[in-house]
Amino acid sequence: MDLAAVHAALAGKSYSAVAPLCDDLFLQAASRGAATDDWPYAVHLLAHLYLNDLNSARFLWKSTPQEAKDARPELAAVWKIGQCLWNRDYAGVYTAAQGFEWSPEIADFVAAFLESYRKRIFQLLTSAYSTISVAYVAHFMGMNEEDATNYAMQNGWSLDAAAKMLTVVKPKVKTNQKLDASKLQRLTECVFHLEH
């Protein structure tokens, strides 16, 4: 089984490409009846988690042979992250990811997943709250209160130190409308036809 494309994507930090590559290669191997004993299940599973594709991750986990689950602690550690995501255990995601000694092959991928996850959670907090306690932000972001406050303030939020509350600053919505003469002409013609 040739996993060169997967290794190249990992080496190039093209993490969003890993899941589709793994899916295609795995289907090719299965259609040929090839053995998947040496399949990089942990990388494949993490690739789905990186894309926030929990359904594909669960399906892969359920279809993974029990022998692989039992023999590969790294695979079980990735699945622990998946379980935390599924159960919306925000702090548990960070605990599971940071509480395992990852192999060099996957360590950068796990770090990239955590950064991507942290940004996604921060965007959710930004859209859901106008003010939020520092403790909640720390909980959701998997940080201590000081780091969470610094992260939020670097992203434009403001701190009420006395109340230990952060005020969310919503990002400004950019609208790039370019109105050229041809669009204006078409609009004028359309209005003209509607009136007559």
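**Fold, burial and backbone of a predicted chain**

When neighbours within four places in sequence are left aside, Thr-149 is in contact with Val-134, Leu-159 and Leu-166, where contact means heavy atoms within 4.5 Å. Thr-149 itself belongs to helix H10, which covers residues 145-154, and with a relative accessibility of 10% it counts as buried; the term buried stands for under 20% relative accessible area, exposed for over 50%, and partly exposed for what lies in between, with a 1.4 Å probe and protein chains only.

The model is a predicted one, in which local features need a pLDDT of at least 70 and side-chain atom pairs count only at pLDDT 80 or more, while totals for chains, interfaces and linings use all residues. Residues are numbered from 1 along each chain as its sequence is written, and side-chain values use heavy atoms, with hydrogens and water left out. The predictor's confidence in each residue, pLDDT, is given from 0 to 100, and its mean over the chain is 91, with 95% of the residues reaching 70 or more. Confidence is lowest in helix H11 (residues 181-195), where the mean is 72, and highest in helix H6 (residues 73-86), where it is 97.

The chain contains 11 helices and three strands, these being DSSP runs numbered from the N terminus, with helices (H or I) of at least four residues and strands (E) of at least two. Read from the N terminus, the order of the elements is α-α-α-α-α-α-α-α-β-α-α-β-β-α. The radius of gyration of the chain is 23 Å, whereas a compact globule of 196 residues would have a value near 16 Å; this radius is taken over C-alpha atoms, and the globule rule is 2.2 Å times the number of residues to the power 0.38. Along its principal axes, the C-alpha trace spans about 70 × 60 × 30 Å.

Of the 196 residues in the chain, 37% are buried. Among the contacts with a separation of 6 or more, 57% are made by residues 24 or more positions apart. The accessible surface comes to about 12000 Å², and carbon and sulfur atoms account for 55% of that surface, as computed by the Shrake-Rupley method with a 1.4 Å probe.

Leu-75, in helix H6, has a relative accessibility of 1% and counts as buried. Not counting residues up to four places away in sequence, Leu-75 touches Tyr-41, Ala-42, Leu-45, Trp-61, Thr-64, Ala-68 and Lys-69. Ala-29, which is placed in helix H2 (residues 18-32), is buried with a relative accessible area of 0%; the C-alpha atoms of Ala-29 and Phe-113, 84 residues apart along the chain, are separated by 27 Å.

Lys-164 is found between strand E2 (158-160) and strand E3 (165-167) and is partly exposed, with a relative accessible area of 44%. With neighbours within four places in sequence left aside, Lys-164 is in contact with Ser-133, Val-134 and Glu-145, while Lys-164 and Gln-98, 66 residues apart in sequence, are 27 Å apart in space from C-alpha to C-alpha.

As for backbone angles, most residues other than glycine have a negative phi. Lys-13, in the loop between helix H1 (4-11) and H2, has instead a positive phi near 55°. Asn-52, likewise not a glycine, has a positive phi of about 60°; this residue lies in the loop between helix H3 (41-50) and helix H4 (54-63) and is partly exposed, with a relative accessible area of 39%.
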